[in-house]
Amino acid sequence: MQKMILVDQDQCTGCRLCEMVCSVKHEGVSNPSRARISVRKRFMEGYLMPVVCQQCTDAPCIAVCPMDALSRDEVVGLVRLDYDLCVGCEECVTACPFGGMRIDTVANRVIKCDLCDGDPQCVRFCFPGALEFVDANAVNLRKKRVAAAKLAEFMSREVAAQAGLIPSGVR
Amino acid sequence: MSLNRKLGIVDLSTGEIEIKPIPIELRKKFIGGRGLDMYLLYNHTEPGIDALGPDNVAIISAGLLSATLSSASARTHVAAKSPLTGAVGSTNMGGFFAPEMTWAGFHHLMLKGQAEEPVYIWVNDGGIEIRDASHLWGLSTRDTQNTLQEELGPEVQVLCIGPAGENLVRYANVMNGMKNAGGRSGLGAVLGSKKVKAVVARGTMDVEIRYPEEALEYDYEVMKHISGTKFAQIMGKYGTMFIQSVTNSTGLVRTQNFQYNQLLDAEPIECEHIEDYTFGTVGCFGCVIHCRHRYIVDGIYDEGPEYAAQGAFGWEVGCNDFETVLMGNHLANHWGLDILETGSMMAWAMELYEKGIITDEDTDGLKLEWGNTEAVLELVRQIAFRRGIGDILAEGPKRAAAKIGKDSLKYNIHVKGMSNLHSDERPTPALALGIATGTRGSDHLRSRPGIDLYNLPVPVLEKVYNNPVEYKGTYSSDYREYEGKAWQVFWHEMMYMAIDCAGVCKYHCTFLSPSLINFEHISKFLHYNAGLELSPREVWDVAERCYNIERIFNLREGFDRKDDMLSDRYFDEPTRRGLAIVRGRTLDRAKFNGMLDEYYELHGWDRNGVPNQETLERLGLDHEPSHLI
């Protein structure tokens, strides 16, 4: 079953716990500069956005890798990096439009999200629920459900407004 | 490893920089954070120095567990001799500064001397530089941070002062981010006196976790528990503003300086109103509680507000306008003022104005009438920039009262020259003892037994408070009683000191919820993350040692029992509002003094509050200053 990390930006509190647990899980140290996930912020606006490898189906990193060290595992929905093949040319880092590929300057190698073998620690520790690890098929249905609920609420308000029960335009 | 983080000593007068390892015996004795700061402060200052002169030191630190898996390891501590009180200056704030400084290789940074021109300190991956900050002088806290982030990259974390710190307002704060403020003790003015506009950290160095797998599992269990408590859920929804609703309806908020204990018509400033302005909460580093809102008021983005802002711009000044609370919170943080002290000083000025002790002549026509929101916000500006009456109020309770004269000090609600939180402790002896004995002055974050207000059953109190040290006395579940309260205050003092040494947020410990982190958790966090082996009892001993250092610092500066006392108004003016159980109450002077005797005895101090020789020997403090670093 393909699963993916779904980011709900509205729920993110910017605490960066995901960064720390990622580096502890993979490297045994606390160091966000070695984490696979990163929360980007705009200080003056309070804007927060966790950014992580999207495990693309048509991944630029795979396309540019001269050693075939990157491949997509279609069973679990993961772009896998084989360190036995990787020569550290960092082409993938340049190609990735999300910053999902990263250079670990301590271990001197390229790093990327490996979904923690099916139990991503960033998701596990995200108590506010900004990160979820969900069935790829269900993502689409979940979004439809949310959209439908919003639409239904809007329409019932419009009906009420047209019936003169509440003034038009009230949210 | 956390234990290999260093101490950086910057001499601003000579430009010399020294980097030292922190000896393991000091870690075992003081852990880090506030505790080690206090050791450094005691050892690197002489008695009687001018807090705003070159002989004072400003120490900026991270707790030992900063940036590790220990619930919420975000806290930055700043210490110096306080320009407000002359006692220990100590302030603690959340945000992201301490973890970044830890990743940059440092846990403590001591600033000595005075620079001639404005500077900022750049701390980056094991190195420290003094850099020119002439382009930053005069900027607000947010503009300073924004400018530095534009220059050095959005990842840098900035601890800075605003115009209030530059203008040496004696309760100027230090800020990291929009909302994380180290307000108490006026340490922003100490940085201002040293011409240090900011300290900027950026680090990419590993903090090794001693037992990573176990640390992850243990931290997960603790966080899961915390996030599941009712306390964390309501804090995560409304922040500390939730406290206002219940304490105001009971009658435990200090209103209009000290005239009432409840604001009537308080509904418009209740916490639910934040929902009209917020677009979500934010947390400090690694925190599951996320207690501050991101809000927009008048087109301005800011974060918060907290109970203190509600008090300062609400009931203290007789206002019940939510936008004034939001704007006041913004202005105080923007210009770098301690919200709590600012609110108290404004409320005091308004009572003096009402009583005719100050008049329109003193205020240049500013009508300091209760509920005058425009005057309140104007007064914030005048204090920050030392204009008009603000120049006097900027001096803090004792100095301002000396300038105003006419018995004005007796109306000020302060201890040791620092104003109290906007809460009323007349019906609650335990809380009153806490603020009276606080080492940095009247303060709720040194020892407040918050859970005392819940009237917990005695078996629960026994479970919480008999660990890790057994208490042989009795408890009372009634928050209006005096029985057992001295021990509770002592226990919370140790709890808060321990958590400040670790660098973890107080909201995660036994403060407002009895089931949260205690000494046992801290012992385990130290083991899993840092590999520092201290039993819960040994953590308590460290806390006691650190608290005694604060005490002997204060004694050295001339403070003693007479300064562990509340304003006469607590004993003479009965509460006038609130529920029947709190109405008409004063503190009983004899019982309060009895409680203070008991408190000293529990600490091993004499009747004047001086540690006995055997207490100092037991804690290994009989040879201070010992100059081990």
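Here are my notes, going from the chain contact down to pairs of helices.

**Ground rules.** I am looking at a predicted model, where local features need pLDDT of at least 70, side-chain atom pairs count only at pLDDT 80 or more, and totals for chains, interfaces and linings use all residues. Residues are numbered from 1 along each chain as its sequence is written, while chains are lettered from A and ligands numbered from 1 in the order in which they are written.

**Chain A against chain B.** I looked up the contact first: 33 residues of chain B and 26 residues of chain A take part. Contact here is a matter of C-beta atoms, placed from the backbone, lying within 7 Å. On the chain B side, the elements giving two or more residues are helix 4 (141-152), strand 13 (207-208), helix 7 (212-228), strand 14 (278-282) and strand 16 (300-304). I noted that helices (H or I, at least four residues) and strands (E, at least two) are DSSP runs, numbered from the N terminus. Helix 7 of chain B gives the largest share of that side, 6 residues. By class I get 18 nonpolar, 11 polar and 4 charged residues on the side of chain B that touches chain A. For the classes, Ala, Val, Leu, Ile, Met, Phe, Trp, Tyr, Cys and Pro are nonpolar, Asp, Glu, Lys and Arg are charged, and the others, Gly among them, are polar.

I also checked strands across the two chains. Strand 2 (residues 29-30) of chain A runs antiparallel to strand 13 of chain B, joined by 2 bridges. Pairing asks for at least two bridges found by DSSP between the strands. A:Ser30 sits opposite B:Val207 there.

**Domains of chain B.** I found domain 1 (2-202), domain 2 (241-415) and domain 3 (429-618) in the assignment for chain B, with bounds that come from an automatic or database domain assignment. Taken over C-alpha atoms, the centres of domain 1 and domain 3 of chain B are 27 Å apart. Between them, 41 residues of domain 1 contact 28 residues of domain 3. Helix 2 of chain B gives the largest share of the domain 1 side, 7 residues. That side divides into 17 nonpolar, 19 polar and 5 charged residues.

**A sheet in chain B.** I traced an open sheet of 6 strands in the order 2-1-6-3-4-5, with mixed pairing. Strand 4 (residues 76-81) and strand 5 of chain B pair antiparallel over 6 bridges, and B:Ala79 stands opposite B:Ser90 in strand 5.

**Helix 19 and its partners.** How do helix 19 and helix 23 of chain B pack? Helix 19 (residues 485-502) and helix 23 (residues 589-603) of chain B meet at about 45°, with axes 8 Å apart. Axes are lines fitted to C-alpha atoms, for helices over the stretch in contact, with angles from 0 to 180 degrees between N-to-C directions. The two helices are therefore oblique to each other; under 35 degrees is roughly parallel, over 145 roughly antiparallel, 65 to 115 roughly perpendicular, and the rest oblique. Their contact has 7 nonpolar, 1 polar and 2 charged residues.

Helix 19 and helix 20 (residues 519-530) of chain B cross at roughly 20°, their axes coming within 10 Å. That makes helix 19 of chain B roughly parallel to helix 20 of chain B. B:Ala498, B:Ile499 and B:Ala502 of helix 19 meet B:Phe519, B:Ile522 and B:Phe525 of helix 20.

Terms used: Two residues are in contact if their C-beta atoms, placed from the backbone, lie within 7 Å.
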